[in-house]
Amino acid sequence: MSALGPERVVMVGGGGHAMSCLDAADQRRLEFVGYVSPEPDDRLPLKYLGGDDALEELRRSDVTSAFVALGDNSLRRTLCGRVMELGFDLATLVADTARVSSYASVLPGAAVLHGALVGPRAEIGTGAVVNTAASVDHDCVIEEFAHIAPGTHLAGGVRIGAGAFAGVGASVIPDVHVGPWAVVGAGAVVITDVPPRETVVGAPARSRRRS
């Protein structure tokens with residue numbers, strides 16, 4: 001929010017994740033002018049502005065920021081790159097019900113949703129998502145475009161690689177590294193490092209297949 005009022009933002013994406021982000025947004029800081037998506041979603045209470053091609057015209061207006069509200073990590077990375085190429089700034093979304101330490105950092109394009117906890121010296125990377133009621137303890141690093149699903153708990157010093165996904169209700173013990181684009185299954189308990197692009201499931205988590 002500037003001295004002139006809230007930041008005017010276009011939302012990129014529709015559907016359930018976009019609705020969760022809209023619901024979590026601090027309306028005093030972010031003013032969503034509408035959303036772009038391949039198809040309109042009547043359930044999303046924002047003005048439909050058209051497909052992704054509408055972004056170029058929007059950038060020529062007074063809308064200078066975009067927020068990419070897509071749950072798919074690869075697609076979120078692609079569209080963040082697209083909006084930055086067009087000259088948009090990436091807006092950052094932190095719910096007013098989230099608890100983010102003053103010693104933590106949340107980088108542009110990231111989302112920290114309702115009830116999430118982010119501890120001291122934690123870093124939430126560009127375009128990363130800390131979803132509803134997830135906890136990211138002290139000294140964790142969530143690299144760019146990773147996604148920490150609802151109810152997931154990361155103990156201190158965990159590192160989640162770029163584009164990795166930690167599924168609903170998963171737990172990761174201290175100082176474990178989850179490699180880039182790896183997948184941790186829902187409810188998994190991770191007690192050892194996970195290689196890049198590996199999928200692990202179960203308690204304790206074991207490899208299932210490469211993603």
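## A β-α-β unit

Strand 4, helix 3 (residues 73–85) and strand 5 make a right-handed β-α-β unit. Right-handed means that, with the strands pointing away from the viewer, the path from the first strand over the helix to the second runs clockwise. Helices (H or I, at least four residues) and strands (E, at least two) are DSSP runs, numbered from the N terminus.

This is a predicted model: local features need pLDDT of at least 70, side-chain atom pairs count only at pLDDT 80 or more, and totals for chains, interfaces and linings use all residues. Residues are numbered from 1 along each chain as its sequence is written, and side-chain values use heavy atoms, with hydrogens and water left out.

Strand 4 spans residues 65–68 and is covered on both faces. Ser65 and Phe67 are buried on one side, Ala66 and Val68 on the other. Buried means under 20% relative accessible area, exposed over 50%, partly exposed in between (1.4 Å probe, protein chains only).

Strand 4 pairs with strand 1 (residues 7–12) in parallel, over four bridges. Two strands pair if DSSP finds at least two bridges between them. Valine 12 has valine 68 as its bridge partner. Strand 5 (residues 89–90) also runs parallel to strand 4, joined by two bridges. There, serine 65 is partnered with aspartate 89.

Six strands form an open, parallel sheet in the order 7-10-13-16-19-22. Strand 7 and strand 22 (189–190) are the edges, each pairing on one side only. Within the sheet, two bridges link strand 13 (residues 135–136) to strand 16 (residues 153–154). Serine 135 has histidine 153 as its bridge partner.

## Serine 101

Serine 101 lies in the loop between strand 7 (99–100) and strand 8 (105–106). Serine 101 counts as buried because its relative accessibility is 10%. Beyond its neighbours within four places in sequence, serine 101 is in contact (heavy atoms within 4.5 Å) with Val118, Gly119 and Pro120.
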